[in-house]
Amino acid sequence: MTIVVGYVPGEGGTAGIRLGAMLAESLDTDLVIATVAPTPWTNPSMARVDAEFVDWTDRFIDQAYSEVSAYMNSYPAALTWRFDHLDHRAAATALAAHAAGIGAAAVVLSSTGDGQLGQIVVGSTADALLHRCEVAVGLSPRGYRSPRDGLLTRVTVAIAGDDPQDRAVLARAHELADTMTAPLRVVTFAVRGGAMYPPLVGLAGEDEVLDQWIAQSTRAHEALRADGLVADDTITDLAIGRGWREAVDSIDWMGGEVLLLGSTREGPLRRVFIGSRSTTLIRHSPVPVVVLPQ
């Protein structure tokens, strides 16, 4: 089992490497940091364009390796890592295929540099992976800094309620938390307003729907605990707010924590596929996010 980090020199910084290294150390596995260089044109050119392109890709890979090597010197020798150079026209395709080929547990990417510090902004490569990768996809917030000891502190799994899909995600979250010897927390997000239900029912109607959703989620948590899917010492929480930011901020978050999400039913089997709610939650998450394939 390996963690693959997609790295682009000069973009996103080392946040993705930090997350990948934390996951690798917590899983007691190795780390692969891969940079994808675009492939040249298949038809040779009469000009020197092709040769110049090859020169550029060589410098691109050399820069990536130099930056990665310099940064990884700060990690203990016990963390085994290597740098892989991939050639492909599409970075997402190359990373997904490489991860599958070496039996990786996850592909990790940094947020793009467009957002604020601490925010996850999904770029084109991450978006493609979130809709077709066959292994888990990890996303680090911009400027993410992992704990000094490099180990995961807690796994928070987001569920909608008590249905077969939630139970499957919970089972995998338990397995992951046990492997990493990290505590597990189960959270359901209840957001008041148009993000959860049509807002045309009026303010009183919105409050009533939210109250019903809270009661339903509480009963679902109790049912999961009664069925043994949530251990007695596992924290269950409801994140409630008038918007996603308020809901996310209504519960505590720890340094070194990750938010675990499951794929939606609409996605193809054995692949990651996320819907609009998961996309919104990723954008507002204050901690790294790991999305599991079905």
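Predicted model: local features only at pLDDT ≥ 70, side-chain atom pairs only at ≥ 80, totals over all residues.
**Strands**

I began at strand β2, residues 30–37, which runs parallel to β3 and is joined to it by seven bridges. Strands here are DSSP runs of E, at least two residues long, and helices are runs of H or I, at least four long, all numbered from the N terminus. In β3, Phe83 is the bridge partner of Ile33.

Residues are numbered from 1 along each chain as its sequence is written, and side-chain values use heavy atoms, with hydrogens and water left out.

Next I looked at β1, residues 2–6. Five bridges join β1 to β2, and these two strands also run parallel. Ile3 has Leu31 of β2 as its bridge partner.

Then I traced the whole sheet. It is open, has ten strands and mixed pairing, and its order is β3-β2-β1-β4-β5-β10-β9-β6-β7-β8. Strands count as paired if DSSP finds at least two bridges between them. The edges are β3 (81–87) and β8 (235–241), each pairing on one side only. From one strand to the next, the twist averages 25°. I took angles between N-to-C directions, from 0 to 180 degrees, with axes as lines fitted to C-alpha atoms.

**Thr35**

I picked Thr35, which sits in strand β2. Is Thr35 buried or exposed? Thr35 counts as buried, because its relative accessibility is 0%. The cut-offs are under 20% relative accessible area for buried, over 50% for exposed, and partly exposed in between, with a 1.4 Å probe and protein chains only. Seven of the eight residues of β2 are buried, so the strand is largely enclosed by the rest of the structure.

I listed contacts of Thr35, leaving out residues up to four places away in sequence; among them are Tyr7, Pro9, Phe60, Phe83 and His85. Contact means heavy atoms within 4.5 Å. The Thr35 side chain also reaches the backbone oxygen of Tyr7, at 2.9 Å. A polar contact is a pair of N or O atoms within 3.5 Å; within protein, one must be able to donate a hydrogen and the other to accept it, and sequence neighbours count only if both atoms are side-chain atoms.

**Aromatic rings**

How many aromatic pairs does the structure hold? I found five. Rings of Phe, Tyr and Trp (its six-membered ring) pair if their centres lie within 6.5 Å; planes under 30 degrees apart are stacked, over 60 edge-to-face, and the rest tilted. Trp56 and Phe60 are stacked, with centres 5.1 Å apart and 20° between the planes. They are about one helical turn apart, because they lie four residues apart in helix α2 (residues 49–72). Trp56 is partly exposed at 36%, whereas Phe60 is buried at 14%. Tyr71 and Tyr75 pair edge-to-face, at 5.6 Å and 70°. Both Tyr71 and Tyr75 are buried. Phe53, Trp56 and Phe60 make one aromatic cluster.

Most residues other than glycine have a negative phi. Asp28 has a positive phi of about 55°. Asp28 lies in the loop between α1 (15–27) and β2 and is exposed at 72%. Thr181 has a positive phi of about 50°. Thr181 lies in the loop between α5 (164–179) and β7 (184–191) and is exposed, at 72%.
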